Amino acid sequence: MPFVTPDTMQGPYDVIVVGSGAGGGQSAYTLSMEGARVLMLEAGRRYVPETETPMFQTPEQAPLLGEGTPDKPFGFYDATVDGGWQVPGEPYVSDAPAPQGFAWWRARMLGGRTNHWGRISLRNGPYDFKPYTRDGLGFDWPIGYEDVAPYYDKVEMLIGVYGSNEGLENTPDSPAGILLPPPSRLVSDYMIQRHANALGIPTIPAHRAVVTAKLDADTIPARLHPGNPAAQRILAAAMRERGACLWATACGRGCSVRANYQSVTVHLPPALATGRLDIGTDAMVHEVTLGADGKARGVSFVDKRTGRQHTVRARAVILAASACESARILLNSKSAQFPDGLANSSGLVGRYLMDTVGSSVEGQIPALEALPPLNEDGADGHALYMPWWLYGDQKAGRLPFARGYHVELGSGRRLPGFGTAASMQWLTPGGYGVKLKQDLRRYYGSLVSFDGRGEMIPNERSYCEIDPKAKDRWGIPVLRFHWDWSDHERLQAVHMQRSFAQIIEAMGGRLRAPIETDGAKAISQGGSIIHEVGGAIMGADATRSVTNAWGQTWDVPNLFVADGAVFASNADKNPTLTIMALAWRTADHLLERMRRKEL
Ligand SMILES: Cc1cc2nc3c(=O)[nH]c(=O)nc-3n(C[C@H](O)[C@H](O)[C@H](O)COP(=O)(O)OP(=O)(O)OC[C@H]3O[C@@H](n4cnc5c(N)ncnc54)[C@H](O)[C@@H]3O)c2cc1C
Ligand code: SF4
């Protein structure tokens with residue numbers, strides 16, 4: 001495997017890709033499979049899922065029964081071996097404390113956040129690329145759904161996504177034969193679906209990047225790499241190595257059988273097999289270097305193992321270090337030509353940061369009490385979801401906010417852990433001994449939760465910039481965040497609260513707590529849903545955006561951004577499938593420009 005150190009890097013490369021998550025993994029995959037020599041630089045350490053994934057360990061084998069701690073916020077077994085809300089030696093500054101200020105979650109490891117993400121993989125719909133045209137708020141993207149659809153098809157075929165086609169408004173179908181079969185529903189899913197549908201809320205199979213049936217290694221490679229038999233052979237072999245889901249373990253720990261999508265199990269193995277991808281880990285990139293011709297020459301990075309500075313050269317650079325970190329690298333890349341940061345002639349690098357609007361309601365359903373034990377692990381409980389259903393009401397002006405949300409469901413019984421008894425304490429106040437055990441058995445599996453995930457409209461008050469004083473442990477200036485929701489998002493959160501309470505009540509259930517009618521309290525903290533995008537938005541006008549429709553910076557023709565930073569809006573749909581689709585599109589464009597010797 002060509003893992004390289006600063007001494008063994010064989011520059012100049014065709015392309016340097018910074019970051020190895022969804023955007024970096026997809027970029028390196030497409031470029032190396034189609035013939036480019038690529039160096040991937042990743043700030044975190046190497047990670048080998050086959051040997052490091054704690055897939056089958058049980059809670060009692062872990063400290064604190066696996067409960068989360070500050071250095072492992074999502075629990076002891078979480079796949080994120082390095083990273084979290086705080087990263088040692090890598091501070092950031094927020095203009096306000098929680099719950100007002102921005103919270104930044106980072107993974108520092110090969111594969112980034114794709115090792116433990118929720119795998120919910122939704123396509124943006126046609127409206128989502130043209131929001132300004134619909135309601136006069138925010139910005140239109142310079143591309144439409146039809147530009148990205150072929151790349152959604154490719155990514156879904158490559159990574160494997162389960163789901164169904166329902167023909168719903170702004171909830172795109174995939175071409176026939178692309179989606180894998182969704183998992184069976186839980187008892188609670190059937191019940192939620194029946195009552196939600198009666199309220200007019202559609203409840204359909206979720207879309208997640210989990211392989212539920214063997215991937216079609218006989219036909220997909222030729223569809224993804226037409227006219228490239230070497231790439232087809234490599235991909236077919238990689239696809240055959242992926243197992244189908246076992247339905248027994250928590251996807252957030254990672255998947256050693258490669259059934260769920262992680263960059264490190266899906267993108268990187270075939271890319272490495274081409275022999276054209278070198279990966280340098282523990283490489284903290286802090287600057288894109290600029291030549292006298294105004295083009296990017298390569299990058300400078302700190303080798304975290306030695307603390308030494310290095311530079312490496314390439315014909316083109318792709319930043320995919322995650323939205324805010326890519327903005328940070330650009331802002332820190334100052335030169336006489338770009339005193340305010342590279343590719344920042346518009347002054348918009350770091351601007352228009354967006355997260356997803358979140359609000360949750362939990363309840364208990366007596367009809368689901370004391371059901372016989374059943375294995376309801378696997379798929380992380382995501383069999384169904386509710387796409388936004390009120391486009392018509394919104395268009396007719398019957399809602400007090402713009403833009404919609406979808407709903408992710410939580411229910412069923414999975415392997416109990418540390419928090420299981422605590423999550424039912426409100427139902428068993430003061431209980432102990434035999435009675436407590438009986439009550440826990442009775443209530444376990446009767447809890448339901450609804451998590452709204454809504455669109456945020458970009459605003460002037462939500463952005464990041466370089467803090468004038470604070471630096472990380474290598475002396476690299478760090479980000480200062482500013483954050484504010486608008487009333488559109490706050491009112492949307494209140495609507496979520498009311499809708500979820502209605503469903504729970506229709507199911508004959510009781511709410512864990514009264515719903516919140518104050519939007520400022522109902523809404524999640526900025527950044528806390530971990531869907532941050534923006535900071536180098538794409539557009540049709542160089543004075544009002546950082547990149548063009550291809551993720552190519554307006555100012556530096558051989559510098560590209562291939563993560564969520566380029567998003568011009570943040571639809572309710574979780575961002576990662578779109579990050580990958582755009583990264584593939586950007587890589588295709590870059591390859592074509594290279595073939596024409598334009599870069
Ligand atoms: C708990 C959780 C659940 C989620 N669930 C979902 C979901 O269900 N659906 C969905 O669509 N999204 C989900 N997300 C979000 C998803 O993980 C991100 O959108 C996605 O991983 C972003 O991809 P990326 O490549 O931009 O960044 P990342 O995956 O974060 O990768 C960036 C990589 O760049 C590296 N890097 C950073 N700075 C530097 C530097 N200076 N030099 C070199 N390398 C650097 C990092 O170490 C990291 O490995 C979830 C996230 C979390 C944390
Ligand atoms: S549930 Fe399936 S996809 Fe998720 S970790 Fe287990 S085997 Fe892998």
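Reader: Which polar backbone atom lies 2.8 Å from a nitrogen atom of ligand 1?

Author: A polar contact pairs N or O atoms within 3.5 Å. In this predicted model, the backbone of valine 285 supplies the polar atom at 2.8 Å from a nitrogen atom of ligand 1. A polar backbone atom of glycine 23 is 2.9 Å from an oxygen atom of the ligand, and a polar side-chain atom of glutamate 42 is 2.6 Å from an oxygen atom of the ligand.

Reader: How much of the 990 Å² that ligand 1 exposes when taken alone does the protein bury?

Author: The protein buries 95% of that area. As for the elements involved, those giving two or more residues to the shell are helix 1 (22–33), strand 8 (283–290), helix 10 (323–332) and helix 16 (576–595). Strand 8 provides the largest share, three residues.

Reader: How many residues surround ligand 1, and which are the closest?

Author: A residue belongs to the shell if one of its heavy atoms lies within 4 Å of the ligand. Here the shell holds 37 residues, with Glu42, Arg113, Gly118, Glu325 and Thr576 the closest. By class, 19 are nonpolar, twelve are polar and six are charged.

Reader: What does the radius of gyration of the chain say about its overall form?

Author: The value is set against what a compact globule of equal length would have. For 599 residues that expectation is near 25 Å; the chain has 23 Å, so the two agree. Along the principal axes, the C-alpha atoms fill a box of roughly 75 × 50 × 45 Å. Buried residues account for 62% of the chain. Of the contacts with a separation of 6 or more, 73% link residues 24 or more positions apart. The secondary structure consists of 16 helices and 18 strands.

Terms used:
Residues numbered from 1 in each chain as written. Chains lettered and ligands numbered in written order. Predicted model: local features only at pLDDT ≥ 70, side-chain atom pairs only at ≥ 80, totals over all residues. Heavy atoms only, no water. Polar contact = N/O pair within 3.5 Å; in protein donor to acceptor, adjacent residues only side chain to side chain. Areas by Shrake-Rupley, 256 points an atom, 1.4 Å probe, with all protein chains shown as cover. Helix = DSSP H or I, 4+ residues; strand = E, 2+ residues; numbered from the N terminus. Nonpolar A, V, L, I, M, F, W, Y, C, P; charged D, E, K, R; others polar. Rg over C-alpha atoms; globule rule 2.2 N^0.38 Å. Buried < 20%, exposed > 50% of the residue type's maximum accessible area, 1.4 Å probe, protein only. Contact = heavy atoms within 4.5 Å.
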